[in-house]
Amino acid sequence: MSEPFEKVVARHGDVVLRVCRVLLGAHDAEDAWSETFLAALRAYPDLPDTANTEAWLVTIAHRKAIDVLRARKRLPAPVEEVPEAPTALGVPGDKDADLWQAVAALPDKQRQAVAYHYVAGLPYAEIAVILGGTTDAARRAAADGIKSLRKNYQGAAMEGAPS
Amino acid sequence: MNVIPDYLTSPSDAGTLARLRAGLERAAEAEGLLDVAYTTVDSPVGPLLLAATPKGLVRVAYDIEDHDRVLNTLAQRLSPRVLRAPKRLDAAARELDEYFGGRRQAFDLPLDLSLSRGFRQLVQRHLPEIGYGQTRTYGQVAALVGNPKAVRAVGTACATNPLPLVVPCHRVLPASGGPGRYVGGQEAKVTLLTLEAG
């Protein structure tokens, strides 16, 4: 790529953070964002000019988020150093905490498909490449995720949004 | 199927993004990935773009050069790892401020001359020998670099100087009189010559 990386951060920083928030919750999202953009900066000179920069960033964020999720699963039961760790879900004191709870309860594939389609706006064909599997499977995972969110999240803030 | 929680698509908090952006700048510098750092500063000759590699100041650009275009060129010629990172430009910004305030007559900054080559770079290396408040003609500079016939090439070297102000091409004038052309525009050249004559 031959465009200044600054423009990539300006153009995609917001959407990548929102994707990370859906994947990991607000707290871990910040670490994932930082690792994603640092890795992207490192690899950027080798990115072909024809590449879809946003899909590329989302792919990196996907891998970073998986690392975080794996690390979480390896974590033993709470140890004494972190007795009062705040929840990793949602923004503290956020009225949408219930939504984050519902997003976090989704199976990984559904949460990822929801993030990449509804937040990043990627087409299902791109999402299929990131998740592995078919375009139809990616579409189904996103649809199932949204259905489940509607069922489990009874908050008032259900509004229309562009697909 | 389009009904989804509004919160998922609402923009991130600007303060959070600014904090993350600042963290990226620090991490990039620490990891040696900040190939080109830049900032913009205000000055009596308009907004100036300052850019530096790890070696030193590599570009000073006037507004009329179009800062976006200059950044694109830096990305193509040096590295696309270009980030707004004012810290690396602190010393350059301070020395320019002192210069415009009449408190500095020479710049003491590490320079990266890798944007120019050959004869042009040779000329640019010699330009700082023209002291504050002095001027030379293009012909005199050609003689200074040991090639008295290369008057036109000296003109090109001045016109393509990647470090105006710091490498003082504004002190080179046509023998026929008048301020002559300048990368920052004739008005800027007159402003600088007037400042230095003060």
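**View 1. Strands β2 and β3 of chain B, side by side.** Strand β2 (residues 36-41) of chain B and strand β3 (residues 48-53) of chain B run antiparallel and share 5 bridges; strands here are DSSP runs of E, at least two residues, numbered from the N terminus, and two of them pair if DSSP finds at least two bridges between them. Look for B:T39, whose bridge partner in β3(B) is B:L50. What you're looking at is a predicted model, where local features need pLDDT of at least 70, side-chain atom pairs count only at pLDDT 80 or more, and totals for chains, interfaces and linings use all residues. Residues are numbered from 1 along each chain as its sequence is written, while chains are lettered from A and ligands numbered from 1 in the order in which they are written.

View 2. Zoom out a bit and you get 4 strands in an open, mixed sheet, ordered β4-β3-β2-β5 (chain B). β4 and β5 (82-84) of chain B are the edge strands with a single partner strand each, so one side of each has no neighbour in the sheet.

**View 3. Where the two domains of chain B touch.** The domain assignment, automatic or from a database, gives domain 1 (15-100) and domain 2 (118-197). In chain B, 10 residues of domain 1 are in contact with 11 residues of domain 2, contact being C-beta atoms, placed from the backbone, within 7 Å. On the domain 1 side, strand β4 (residues 56-62) of chain B supplies the largest share, 5 residues.
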